[in-house]
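User: Please take me through this model slowly, and tell me each time what a term rests on.

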Amino acid sequence: MGLAASQARFLAITSRKANCEFRSMEIAQDKLSVTRELAEVSQNYQNALNQTTLVWDFDGSGQNMFNLSYDVLMTPTTLNNFTPYLITNRAGAVVLNGQMAKAAKKISTDGDPSTPSEAGFAAFMKELGKAGVVPESVAQDIRFVTDYHYAYNTVNDEGKTVKVPIEETNLTPEQIAAQNAYLDTDFVNGYNKKAGCGAEPLNKNGACADNVLGLAYKLEHLDLGIITDYLKDCDAIYVNGAKANDSLKGKLTLDQILTNEVVVVQTYPDGDHNYHGIAGLGLNEDDTSGLYLTLVDALKEQLVTDAVTAEAFMAADIATRDQYRDYKELSGKKESESNVINSLKTTSDEYNQIIYYENEKDNFNSGAGVNLTHMLGYLLTQFENCLNGYETYFAGPTYSGSSFVTEDHGYSFVMQDENAVTSDVILKADFYMQLYNNICASGWASSDKIDVDEEYLEQMLKNGNYFITALSQDGYYYQGRYNEGDCIVEVKDHDAIAQAEAEFTTMKAKLTYKEDRLDVEMKNIDAEISALTTEYDSVKGLISKNVEKIFQMFQ
């Protein structure tokens, strides 16, 4: 190769080598950038794992949580037990959305505190209806039960004193005197200007909890009639293993069946095998009366508190009927009626079924027996199973293989509370009375974002710009941080975590692919640089030799 050609080749190799080395530096920078991006994505994911959100967990079970929102706090529902949880600012004023603020202007136009009054509450409710916060018909119903209604007495044509309602409401003292009026006791839910301001809170809970002894105590006071009237054809009734005398038979009650071991036996002498069950029990689908139905109705009245429990109780009833219509047939050579009765009594303690005994020898003295206590235990256990997905207790065909809720005195039955307030209108009226009185006492402020942006509400609560003012047991409302009560819970934001995880997985895959591609390119560049270096050294050596020869020629 000539000197000129070698020199041109040398320059080309030098240029290519420089380009490769520059690209190698670029790849190293790109890899460093990928590492930084991957670290940033990882940090964002770690931050998301610590991200929390506020949820509404009114019953404290952790099973019925809802996204925290203005409507959950400020709309009368079972979720807040028809009690307003007020969002208040640092000055203590109640923060209202645009619609409620229109109604609050009837209290005070500038948001300052005001004096509560019957007329003010009526105007407030009327405006809530106009603003669409509540249907106008509901607003009218609330005014109807909260306005003071009056009546006066007069003598009718028959000479009897009768009460005549007065159409006007909230009479002045002068009107009351002029019409000789008195407060109509049919309307006892007049406007309460102390609601939420020191008045004793209404008992709004529709249910209370107690164990089987508490359930039995409530059932003891129910007028069920004499249970043994349904069992008039039974030959024997056993209570805790002992045969009941006539006096005890006449006083047998549902609570005694729940808390004792009550077995009934009915015999069929003279080969009468047409009916294998217990007369008067009423377990068949087409039965409209009977002891079982009476017991079921009494329990249903106490235990069915809502649609969920109603459905569960119906399923438990069906399961119990199916179980106890599947008779356990026994046979043997018991000849005397007493032997038959004793056999039926003993086996009825063992099975969660009606036991039917048939005399094989001469078809005489057959009969049936059932443990009423086990039957109710079976029903209540299936009720619990239906409410909890068949996980807590088991009720099978044999008593020894079953676990009944009635035997666990630590298990709490949720029952109807006879002292609870149940009228929907009264509950809503109490809700808005508390809201109105608190606005009057503390004033109000308006926010256009509080009811449309849950994230805004959450951040304002977390940052301490908004507070939750809730009803205490003494009837007063107290302001506090969102996490000072029991109903608002801060939990991990699983939606944000899932979204961050998806983004992290996607970005990591992209960056990993980019990094792998850069690694391959770097290896190729390194191989090319190595080859160019070898050729560079070779051409450089060749040029040196050619130069040396030329100098030697001219010496």
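Analyst: Let us start with helix 4, whose buried residues are covered by, among others, helix 3 (98-104), helix 5 (136-146) and helix 14 (424-442). Covering is judged by contact, which means heavy atoms within 4.5 Å. Everything here comes from a predicted model, in which local features need pLDDT of at least 70 and side-chain atom pairs count only at pLDDT 80 or more, while totals for chains, interfaces and linings use all residues. Residues are numbered from 1 along each chain as its sequence is written, and side-chain values use heavy atoms, with hydrogens and water left out.

User: Which residues of helix 4 are buried?

Analyst: They include Phe121, Phe124, Met125 and Leu128, and also Glu127. The word means under 20% relative accessible area, whereas exposed means over 50% and partly exposed lies in between (1.4 Å probe, protein chains only).

User: Why does asparagine 371 count as buried?

Analyst: Its relative accessibility is 0%, and because this is under the limit, asparagine 371 counts as buried. Asparagine 371 lies in strand 14 (residues 366-371), and, leaving aside residues up to four places away in sequence, it touches Glu261, Val262, Val263, Tyr324, Ser348 and Asp349.

User: What makes the approach of asparagine 371 to histidine 374 a polar contact?

Analyst: A polar contact is a pair of N or O atoms within 3.5 Å; within protein, one must be able to donate a hydrogen and the other to accept it, and residues adjacent in sequence count only if both atoms are side-chain atoms. The side chain of asparagine 371 reaches the backbone nitrogen of histidine 374 at 2.9 Å, so the distance falls inside the limit. Likewise, at the start of helix 15, a side-chain oxygen of aspartate 453 comes to within 3.1 Å of the backbone nitrogen of glutamate 455.

User: Why is strand 9 said to pair with strand 11?

Analyst: Two strands pair if DSSP finds at least two bridges between them. Strand 9 and strand 11 (residues 262-268) are joined by 4 bridges and run antiparallel, so the pair passes that test. Within this pairing, valine 239 stands opposite valine 262, and isoleucine 237 faces valine 264. Strand 9 also pairs with strand 10 (residues 242-243) in the antiparallel sense, over 2 bridges. In that hairpin, which has 2 residues between the strands, asparagine 240 takes a positive phi near 55°.

User: What makes strand 10 and strand 12 edge strands of their sheet?

Analyst: The open sheet has 6 strands in the order 10-9-11-14-13-12, with mixed pairing. Strand 10 and strand 12 (328-332) each have a single partner strand, so one side of each is left without a neighbour in the sheet. Helix 13 (residues 372-388) packs on this sheet and touches strand 11 and strand 14, making about 50° with the direction of strand 14. Such angles run from 0 to 180 degrees between N-to-C directions, using lines fitted to C-alpha atoms, for helices over the stretch in contact.

User: How many disulfides does the structure have, and what would count as one?

Analyst: A disulfide is a covalent bond between the sulfur atoms of two cysteines. The test is a pair of cysteine sulfur atoms within 2.5 Å, and a search of the whole structure finds 0 disulfides.
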